[in-house]
Amino acid sequence: MASWPYLNSSTMLSKPKHPNPSFCLHDFPNPQHSSSSFSFTASPIAAVNAATRRCRQTNRRSSLILASTDKPREPLKIMISGAPASGKGTQCQLITSKYDLVHIAAGDLLRAEVEVGSANGKKAKEYMEKGQLVPDEIVVMMVKDRLSQPDSAEKGWLLDGYPRSSSQATALEAFGFHPDLFILLDVPQEILVDRVVGRRLDPVTGRIYHLTYSPPETEEIAARLTQRFDDTEERVKLRLQTHNQNVESVLSMFEDITIKVDGSLPKEIVFAKIDSALSDLIHQKKNAILGTTAT
């Protein structure tokens, strides 16, 4: 094997052990270029070692940059609120499908806890059997426990229709659960009333129809549709009044992170606005992580 001209033939030179497969040849002087500005003031072995050190330093800097950009994003923490028939259920489905967040609805939690007979579920059942509202402290504990689960902490969460009051919001804050964004679907009352009064349930399939906007496919289905007892105009207006009072108290706590979206628009347009806000939020989180890493 031919030796380099500037090495003594008796000198044994082994290839430097390099941490990266991409060997830094540009760091080694070219012995063919006698006119190079590179000055050999050290021994050949010392020059090789110095070049290797420079390669390692470059690779360490590259590794730090890659580590910072590959670092997983901080999970999203989102709350969404909307009056009955505001389209909240549809938007929750679209959000969780794209962003893979854990969807948490207090009503679903309550029913699940009662069904499995957990400690909180047993307490809640006592009130429900008496026809009484389940106290806030019980529901808050259910929500808190669900938010604390590993999947919620890892993937992020979408809290659906909760908190409904400032006391519930304050309790969650005390447990350390603060949203990144509070989404409010804003729909005029006359549209909400029209949506609710026209809703019908198919007791066979569980599908929800609307006599105007999403009518049943056949006369057979139409004949078996039922209406919820509280989907009348009078009851709907009472529910909307209660909702509006509650949501105002919650909004006062999250005013600086709230976005209002016109829920009367087509669902695709509504989701596009929400999607844009969530994408911006993710971008901000990534920048914050990179900024922390750089400092």
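Me: What covers the buried residues of helix H4?
Reply: The cover includes helix H3 (106-116) and helix H5 (136-147). Keep in mind that this is a predicted model.

Me: And which residues of H4 are the buried ones?
Reply: H4 spans residues 119-129, and its buried residues are Asn 120, Gly 121 and Ala 124. They lie on the same side of H4, because they cover an arc of only 90° around the axis.

Me: Which exposed residues does the face turned away from that side carry?
Reply: That face of H4 carries Ala 119, Lys 122 and Glu 129, which are exposed.

Me: How do strands of a sheet pair anyway?
Reply: They pair through backbone hydrogen bonds, either parallel or antiparallel.

Me: OK, S3 then. How many bridges pair S3 with S2?
Reply: Four bridges, in the parallel sense, with S3 covering residues 157-160. Ala 105 has Asp 160 in S3 as its bridge partner, and Val 102 stands opposite Trp 157.

Me: And how many bridges join S3 to S1?
Reply: S1 and S3 are joined by four bridges and run parallel. Here Lys 77 stands opposite Trp 157.

Me: Which way do the S3 side chains point, and are they buried or exposed?
Reply: Trp 157 and Leu 159 point one way, Leu 158 and Asp 160 point the other way, and all are buried.

Me: Leu 159 makes me think of the core. Which residues touch the most other members of the largest nonpolar core?
Reply: Val 143, Leu 159, Tyr 162 and Leu 172 do, out of 27 residues in that core. Elements giving two or more residues to this core are S2, H3, H5, S3, helix H7 (166-174), strand S4 (181-186) and helix H10 (233-251).

Me: Which element gives the largest share?
Reply: H5 gives the largest share of this core, with six residues.

Me: What is Val 143 in contact with, leaving aside its neighbours within four places in sequence?
Reply: Val 143 is in contact with Ala 106, Leu 109, Leu 159, Tyr 162 and Leu 172.

Me: Which residues does the second core include?
Reply: Among them are Ile 78, Leu 181, Phe 271 and Ile 282. This second core is separate and has 18 residues.

Me: New topic. Where is Ser 86?
Reply: Ser 86 is in the loop between strand S1 (77-82) and helix H2 (88-99).

Me: Is Ser 86 buried or exposed there?
Reply: Ser 86 counts as buried, because its relative accessibility is 4% and the cut-off for buried is under 20%.

Me: What does the side chain of Ser 86 reach?
Reply: The backbone oxygen of Ala 83, at 2.8 Å. Neighbours within four places in sequence aside, Ser 86 is in contact with Leu 185, Val 187, Leu 192, Arg 195 and Gly 263.

Me: Last one. How many helices and strands are in the protein chain?
Reply: Eleven helices and seven strands. The chain has 295 residues, and buried residues make up 36% of them.

How values were computed. Residues numbered from 1 in each chain as written. Predicted model: local features only at pLDDT ≥ 70, side-chain atom pairs only at ≥ 80, totals over all residues. Heavy atoms only, no water. Pairing = 2+ DSSP bridges. Buried < 20%, exposed > 50% of the residue type's maximum accessible area, 1.4 Å probe, protein only. Arc of directions from axis to C-beta. Contact = heavy atoms within 4.5 Å. Polar contact = N/O pair within 3.5 Å; in protein donor to acceptor, adjacent residues only side chain to side chain. Core = buried A, V, L, I, M, F, W, Y, C linked by side-chain atoms within 4.5 Å.
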